[in-house]
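I opened this entry to keep track of what I looked up, step by step, and in what order.

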There are 2 protein chains.
Amino acid sequence: MFKALADEGRRRLLDALRERNGQTLQELCELLPDLTRQGVTKHVRILEDANLVVTVRRGRHKLHYLNPVPINDIAERWLSNYERDKLRALSALKAALEEDP
Amino acid sequence: MFKALADEGRRRLLDALRERNGQTLQELCELLPDLTRQGVTKHVRILEDANLVVTVRRGRHKLHYLNPVPINDIAERWLSNYERDKLRALSALKAALEEDP
DNA sequence: TTGACAGGCAACCTTTTGGTTGCCTATTGT
DNA sequence: ACAATAGGCAACCAAAAGGTTGCCTGTCAA
């Protein structure tokens, strides 16, 4: 899941879906103009595998929807741990940097 | 920065530093017993480049400190965007999944 | 009904990543 | 003083990521 987010292009796709949900593959391709359609497909596939986007085939179109659940889980479960210890870590860091060499 | 977080080993290192700040490279090596020292060094290097850990050479030891600032920035600036639109995205997703095929 | 459009699948290539081995430097304890 | 400890640096190698091209299938519209 972090791996899925670790690419600027994929983050762009997510941002676009956040702005307008349910876009087709063609539309997503316009966001990444340097890539071929198949290249975009691969990125989309990674986002699907990470369960960050959910797709629906509607006729000859494939619609892409943002799934906000896992990204929110990460934010709550993982990042909040760091938030919790932020002050302690900061003071230790400060002390180490200021300590007499 | 997401790239730096996109590896289980590196997350383990961060977790360990969150638990006890200021560990040496040797100590970090014990956390990743399958890797050689140089392997661990490379991971540490990536965390340093992402500004997630700060190191101090003290004598012949290299002490590693967690820098909680950037990870917190990410949480606030990036993830909160998704949190903000969570309900809207969820309802669109739900509607798309339930729509008549 | 047939041509154009939206997309899927597989093979292939190149670059990056993740790891190793080998050797070098600096600090410390005895 | 010197051996052991802590770490750095560079070359090298295998595996994975990121792309591409080529071709195939299904759907819609004229």
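**Sheet of chain B**

I began with chain B of this predicted model, where three strands make up an open sheet ordered S1-S3-S2, with antiparallel pairing. I then asked which strands stand at the edges. They are strand S1 (23-24) and strand S2 (53-58) of chain B, and because each has a single partner strand, one side of each is left without a neighbour in the sheet. Looking up the pairing of S1(B) with S3(B), I found two bridges in the antiparallel sense, and I noted that Thr24(B) has Leu63(B) in S3(B) as its bridge partner.

**Sheet of chain A**

I turned next to chain A, which has an open sheet of three strands in the order S1-S3-S2, paired antiparallel. Here strand S1 (23-24) and strand S2 (53-58) of chain A stand at the edges with a single partner strand each, so that one side of each lacks a neighbour in the sheet. S1(A) is joined by two bridges to strand S3 (residues 61-66) of chain A, and these strands run antiparallel; I recorded that Gln23(A) stands opposite His64(A) in S3(A).

**Between the chains**

I looked up how many residues are in contact across the two chains, and the count is 29 residues of chain B with 29 residues of chain A. On the side of chain B that touches chain A, at least two residues each come from helix H1 (2-5), S2, S3, helix H5 (68-84) and helix H6 (86-98) of chain B, and the largest share, eight residues, is supplied by H5(B). I also listed this side by class, which gave 19 nonpolar, five polar and five charged residues.

**Around DNA strand D**

My last topic was DNA strand D, which 18 residues surround, the closest being Thr36(A), Gly39(A), Gly59(A), Thr24(B) and Leu25(B). Which elements give two or more residues to the surface near DNA strand D? I found helix H4 (37-49) of chain A, together with helix H3 (25-31), helix H4 (37-49) and strand S3 (61-66) of chain B. H4(A) gives the largest share of this surface, four residues.

Conventions: Residues numbered from 1 in each chain as written. Chains lettered and ligands numbered in written order. Predicted model: local features only at pLDDT ≥ 70, side-chain atom pairs only at ≥ 80, totals over all residues. Near = placed C-beta within 6 Å. Pairing = 2+ DSSP bridges. Contact = placed C-beta atoms within 7 Å. Nonpolar A, V, L, I, M, F, W, Y, C, P; charged D, E, K, R; others polar.
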